[in-house]
Amino acid sequence: MTRIIDIINESRQPVFSFEILPPLKGNSIYKVYDIIERLREFEPQFVNITSHHSEYIYKPLPDGTHRRVSVVKRPGTVAIAAAIQNKYGLIPVPHIICRGFSKEETEYALLDLNFLGINNLLVLRGDNKSSGSLAESAHLYHEHASDLQEQINLFNQGIGLDDTKIEGIDTPFSYGMACYPEKHEEAPNMDSDTYYLKEKIKNGADYLITQMFFDNSRYFSFVERCRAEGITVPILPGIKPISRKAHLSGLPRTFRIDIPEPLAAQVRRAADDREVREIGVEWCRQQCRELIAGGAPGIHFYTMSVADSVARVARDIF
Ligand code: FAD
């Protein structure tokens, strides 16, 4: 099995990878294949597949009341990882999250992945729209990515939940974790965020992928901070070409990141989203060139289900 960390360390060129989202429940997997077909020519070294927890929605009933039901809007992470591996021979990196998945469900997912020969993961907590109260169910659910990491580390040693013996782990999982050049939204300060990041590395994360950012100076100073703190693993920049006017407020709101004023001003002046896409591609190209010139080990693209802009940038960079 090829480990992502070996790919990053052994690649003579900057690594090209991207993230896809499973289709919305009920939609065809061909939407995912379309993105891969579009980006395959740039020889991605690996493809990440996001994971999504259940959310409560309120379904109207005939009597005018509502019933609360738990729905996973984008199911299928493990199956899509397997499909990508089989259909394209690409290395899939399924995301595995704690929010909305019990420790037991996680164990089943790890067993499935092990049986499928998928051994690279990105280990995360998951976003905060979880269904259910963590405090009430702490025995069932992990709170932090580091708790999930501990479960995976034990699984790698053949130790399952309740000390069940897990046999047949010829290839242990290797994994990356997330980091935030502009600080995680809940961290009281950068020092605290860096402290927990160091713990993740100490406990076995091979590499890090950043939250998206649009100002490279944030990445470079973050990497400098990490290095000063003794974090030596590769830090892959996560990059997204802006493509819609709505991103100007939507991306900062969702991802708690800044959009630098020179980019924001251009997007504001754009006549329509077609023009925004041109601006986004050009900004992204410049960002990628500067990141690679500045020593970034590669670029990890957030496609967010749209591949065209990423393909245009990749054509120039890879
Ligand atoms: P954590 O590491 O748990 O950190 C969350 C906060 O808690 C931080 O403030 C941190 O400083 C602090 N902290 C960390 N460990 C501890 C500890 N042991 N004790 C106390 N505090 C601690 N979300 C999804 O739902 N699905 C996805 O597929 C997905 N993919 C992502 C991919 C990337 C590359 C990135 C950057 C994010 C992704 N996210 C995804 C979003 C992510 O799950 C959220 O940003 C989430 O809020 C935090 O995840 P984390 O793994 O960094 O959490």
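Ala, Val, Leu, Ile, Met, Phe, Trp, Tyr, Cys and Pro are counted here as nonpolar, Asp, Glu, Lys and Arg as charged, and the others, Gly among them, as polar. The legends below describe a predicted model.

**View 1. Residues of the shell around the ligand.** The ligand is surrounded by 25 residues. S51, H95, Y180, D193 and K200 are the closest of these. Divided by class, the shell comprises 10 nonpolar, 9 polar and 6 charged residues.

**View 2. Polar atoms at the ligand.** A polar backbone atom of S51 lies 2.7 Å from a nitrogen atom of the ligand. In the side chain of Y180, an N or O atom is 2.7 Å from an oxygen atom of the ligand. For K200, an N or O atom of the side chain is likewise placed 2.7 Å from an oxygen atom of the ligand. The ligand taken alone exposes 970 Å², of which the protein buries 87%.

**View 3. Secondary-structure elements around the ligand.** Two or more residues of the shell come from each of β5 (92–97), β6 (120–124), α5 (145–156), α6 (190–202) and β8 (207–210). Helix α6 contributes the most, with 3 residues.

**View 4. Packing of helices α10 and α11.** Helix α10 (residues 273–293) packs against helix α11 (residues 308–317) at an angle of about 40°, and their axes are 9 Å apart. The crossing of the two helices is right-handed. On α10 the contact is made by R277, E278, V281, C284, R285, C288, R289 and I292, and on α11 by S309, R312, V313, D316 and I317. By class, the residues of this contact are 6 nonpolar, 1 polar and 6 charged.

Methods:
Residues are numbered from 1 along each chain as its sequence is written. This is a predicted model: local features need pLDDT of at least 70, side-chain atom pairs count only at pLDDT 80 or more; totals for chains, interfaces and linings use all residues. Side-chain values use heavy atoms; hydrogens and water are left out. A residue is near a molecule or strand if one of its heavy atoms lies within 4 Å of it. A polar contact is a pair of N or O atoms within 3.5 Å; within protein, one must be able to donate a hydrogen and the other to accept it, and residues adjacent in sequence count only if both atoms are side-chain atoms. Accessible areas come from the Shrake-Rupley method with a 1.4 Å probe; for residues, only the protein chains shown count as cover. Helices (H or I, at least four residues) and strands (E, at least two) are DSSP runs, numbered from the N terminus. Axes are lines fitted to C-alpha atoms, for helices over the stretch in contact, and angles run from 0 to 180 degrees between N-to-C directions. A crossing is left-handed if the near helix is turned anticlockwise from the far one by less than a right angle, and right-handed if clockwise. Contact means heavy atoms within 4.5 Å.
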